[in-house]
Amino acid sequence: MRTLTQNILSALFITLIIISSANADDVAKGINCPPGWSDNQAARGDNRVKQCISPSLESSVELYVTPGKKIPLDKLLENWITALRQQGFPLDKKVAENKGNVSGAPAVFREYKGKTNGKTVESLLAASRHNGINYIFQGSYPDNDREAEQLVRHSLNTWNFPEGNSKEDTPYDSPKNEGTSGSFKDIGSCWAWGLWKAPSGASVVILPDGRAIFDGSTLRHWRPTDKKDTIIMEIPGKWGGGSAMWTHPEGRYDVVIQEEFPEARQILFRESWEYSFKGKTFKACHH
């Protein structure tokens with residue numbers, strides 16, 4: 001992939017910017033490898049910050065950063081795809097294109113089909129930009145492997161950008177009609193606020209301002225998504241690490257399930273709709 005990346009950067013007329021290993025690790029955490037896939041950390045470098053490989057070695061997910069000047073996202077993605085084609089990637093036919101966002105940042109999504117070694121391969125690509133850095137998501141899988149397709153799309157759905165450190169106290173926002181954020185900043189998804197317990201007995205406090213406290217001491221962050229009643233939660237290492245998409249069963253707001261595997265198990269059970277954190281009280285909606 002070294003030659004491929006160098007060609008891509010040349011095609012974009014961009015000067016390489018070094019990203020520190022710490023920042024690269026933060027960016028890599030922005031995408032989850034599908035369950036059972038290997039996180040190939042040895043493949044990081046040359047602006048590739050994440051590579052996930054399926055057990056069959058026929059499917060993959062990758063995340064790249066391409067620093068440099070700001071160009072339209074569709075042009076960025078087109079340049080990337082042109083470079084991939086020059087390297088022999090099977091991107092013969094574009095079958096879909098959509099615009100959306102990643103963590104609130106604009107994004108362009110494309111799907112392709114192509115043949116290689118007599119087999120048809122489907123690819124899912126996306127381009128976005130955050131804090132002056134261009135990002136490319138790249139996933140591929142055999143066209144007859146629908147499970148791999150689902151897992152690649154799940155990985156894309158977990159994509160989020162690293163955030164700066166949150167302040168301990170955030171400005172007061174007037175509470176909305178649903179839920180009462182009190183003196184906490186209100187970022188939405190009020191159904192998720194409050195005190196939760198895992199089946200193991202461990203606790204999670206979800207604050208209205210985007211913070212979450214695991215086991216009474218471990219600080220993590222969460223954010224809403226464009227999908228109704230779905231949030232992305234950073235997971236502590238002892239809970240598995242990475243990030244996960246959480247939601248609730250239809251019509252119920254006292255249980256948290258994992259969005260991509262709703263039939264698997266219930267992750268959290270509500271202990272309290274109203275909670276006081278460091279003397280500041282808030283209340284979840286739908287109680």
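Of the 287 residues of the protein chain, what percentage count as buried? In this predicted model, the share that counts as buried is 50%.

Among contacts with a separation of 6 or more, 47% are made by residues 24 or more positions apart.

Next, display the cysteine side chains, for the structure holds two disulfides. A disulfide is a covalent bond between the sulfur atoms of two cysteines.

Select C33 and C52, which a disulfide joins with an S to S distance of 2.1 Å. This pair links distant parts of the chain, with C33 in the loop between α2 (21-28) and β1 (38-39) and C52 in strand β2 (residues 48-53), 19 residues apart. Looking along the S-S bond, you will find a left-handed link, at -80 degrees. Both C33 and C52 are buried.

Now move to C190 and C285, whose disulfide has an S to S distance of 2.0 Å. Here too distant parts of the chain are linked: C190 lies in the loop between α4 (146-157) and β8 (194-197), while C285 is in the segment after β17 (280-283), 95 residues apart. The link of C190 and C285 is right-handed, with 95 degrees about the S-S bond, and both cysteines are buried.

Finally, show both bonds together: with the bonded cysteines numbered in sequence order, the pairing reads 1-2, 3-4.

Technical notes
Residues numbered from 1 in each chain as written. Predicted model: local features only at pLDDT ≥ 70, side-chain atom pairs only at ≥ 80, totals over all residues. Heavy atoms only, no water. Buried < 20%, exposed > 50% of the residue type's maximum accessible area, 1.4 Å probe, protein only. Contact = heavy atoms within 4.5 Å. Disulfide = S-S within 2.5 Å. Helix = DSSP H or I, 4+ residues; strand = E, 2+ residues; numbered from the N terminus.
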